[in-house]
Amino acid sequence: MPKQGTVLKSTGSWYEILSPEGEKLNARLRGKLKIKGLKSTNPITVGDEVIYDIDPLGEEESVVIKDILARKNYIVRKSIKKSAQAHLIASNVDQAVLVVTVSQPTTSLGFVDRFLVACESFRIPVTLVFNKADLFTEGAIEYCEAVMDMYEELGYPCIVTSVLEKIGLDDLKNVLDKKKTLIAGHSGTGKSSLINSIYSQKDLKIGEISSAHNKGKHTTTFAEMFHLDDNTYVIDSPGIKELGLFDIEKENISHYFPEMRNELNNCKFHNCTHMHEPGCKVKELVENGEITHTRYASYQSMFEGEDYKY
Ligand code: GDP
Ligand code: ZN
């Protein structure tokens with residue numbers, strides 16, 4: 001009897017599937033699956049809902065993927081090898097959580113904005129988690145509040161957490177509950193500690209994919225999804241460079257800034273880049289404070305294609 005499962009992991013030739021009974025199975029793909037409208041180097045990705053069956057002709061019992069259910073969405077980047085094709089990173093992603101820290105390590109707002117732009121381009125909502133609140137000095141509290149106000153106003157919910165002092169863990173659990181969440185943030189911000197303490201896991205480590213990635217070679221990296229609870233998953237992905245941000249046309253970057261996108265028709269020139277043109281509505285809003293300087297600086301840096309250090 002064919003069953004429906006969720007793809008947790010892919011190596012390119014084998015797929016780890018979670019069965020309806022909660023069992024992890026190794027499956028493979030027999031023949032080719034045609035997927036409408038998307039040319040990708042990998043046919044199946046983490047997050048896919050698939051129909052699988054036990055192959056009766058197999059020498060041992062072997063699990064074969066027969067079909068993929070329609071994807072709600074997917075995250076892709078250009079394939080390194082075949083530039084006309086896409087490489088699927090994950091599918092059916094409900095949301096992203098970006099874990100940031102004011103210190104140890106410091107997360108720059110430029111990094112946050114790049115991540116937000118990437119998620120906007122995939123239409124994935126983002127919650128920002130400010131972890132290590134126990135380390136906040138008075139200055140850090142003030143800074144953090146101002147930053148959270150800014151992002152909340154743009155439509156990105158913010159949560160303050162501390163694993164050490166058990167602050168905000170229920171709030172984060174509520175955000176994650178019954179969803180497939182892409183989790184991101186610099187190494188050392190506390191992603192693994194947060195997940196392990198909320199779901200009483202012991203040794204789940206998030207971020208190993210990114211850190212092990214690409215030491216001089218064009219290795220293909222795949223995301224991995226962890227099953228935490230009933231219908232609750234986190235997706236550990238490669239770094240944001242692999243999130244496809246660099247596939248966005250320069251001219252379209254402003255579409256992914258919520259505070260800019262509704263104003264774009266109000267610039268004097270329809271092809272305004274919002275960098276130096278006269279009659280630019282975006283720059284007017286920066287000058288009168290409706291668009292913050294830090295967000296505009298992130299826009300400029302992305303537009304100029306500066307290699308961002310993070
Ligand atoms: P990851 O790389 O993002 O998964 O980060 P880890 O979960 O491995 O945490 C990195 C370090 O930060 C570890 O030494 C944790 O104990 C520490 N850490 C995590 N959360 C907190 C927190 O809320 N407060 C403090 N002070 N340290 C934390
Ligand atoms: Zn403009």
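Which side chain does Glu224 meet in a salt bridge, and at what N to O distance?

Author: Glu224 meets the side chain of Lys9, at 3.9 Å, N to O. A salt bridge here is a side-chain nitrogen of Lys or Arg within 4 Å of a carboxyl oxygen of Asp or Glu. Glu224 is in strand 12 (residues 224-229) and Lys9 is in strand 1 (residues 3-10), so the pair ties together parts 215 residues apart in sequence.

Some ground rules. This is a predicted model, where local features need pLDDT of at least 70, side-chain atom pairs count only at pLDDT 80 or more, and totals for chains, interfaces and linings use all residues. Residues are numbered from 1 along each chain as its sequence is written, chains are lettered from A and ligands numbered from 1 in the order written, and side-chain values use heavy atoms, without hydrogens and water.

Now exposure. Buried means under 20% relative accessible area, exposed over 50%, and partly exposed in between (1.4 Å probe, protein chains only). Glu224 is partly exposed at 21%. Lys9 is partly exposed too, at 33%.

The count comes to 10 salt bridges. Lys178 pairs with Asp177, with the closest N and O atoms 3.6 Å apart. Lys178 is partly exposed, at 47% relative accessibility. For Asp177, the relative accessible area is 33%, again partly exposed.

Glu284 and Lys281 also pair, at 3.4 Å, N to O. They are three residues apart in helix 7, separated by about one helical turn. Glu284 is partly exposed at 41%. Lys281 is partly exposed at 21%.

Helices and strands are DSSP runs numbered from the N terminus: H or I over at least four residues for helices, E over at least two for strands. The chain has eight helices and 13 strands.

One network remains to be named. Salt bridges link Asp113, Glu259 and Arg295. Arg295 is one of the buried residues of helix 8 (residues 293-303). The buried residues of that helix pack against helix 1, helix 2, helix 6 and helix 7.

Next, a charge without a partner. Glu277 is buried yet has no salt bridge. Its nearest side chain of opposite charge, Lys283, is 5.8 Å away. Lys and Arg count as positive, Asp and Glu as negative; His and the chain ends are not counted. Glu277 is in the loop between helix 6 (258-261) and helix 7 (281-287). Its side chain reaches the backbone nitrogen of Thr273 at 2.7 Å. It also reaches the backbone nitrogen of Met275, at 3.3 Å. Both are polar contacts (N or O pairs within 3.5 Å; within protein, one atom must be able to donate a hydrogen and the other to accept it, and residues adjacent in sequence count only if both atoms are side-chain atoms). Glu277 touches Phe269, Asn271, Cys272 and Lys283, leaving aside residues up to four places away in sequence. Touching, or contact, means heavy atoms within 4.5 Å.

Last, ligand 1. A polar side-chain atom of Lys191 is 2.8 Å from an oxygen atom of ligand 1. Backbone atoms take part as well. A polar one of Gly190 is 3.0 Å from an oxygen atom of ligand 1. For Thr189, the corresponding separation is 3.4 Å.
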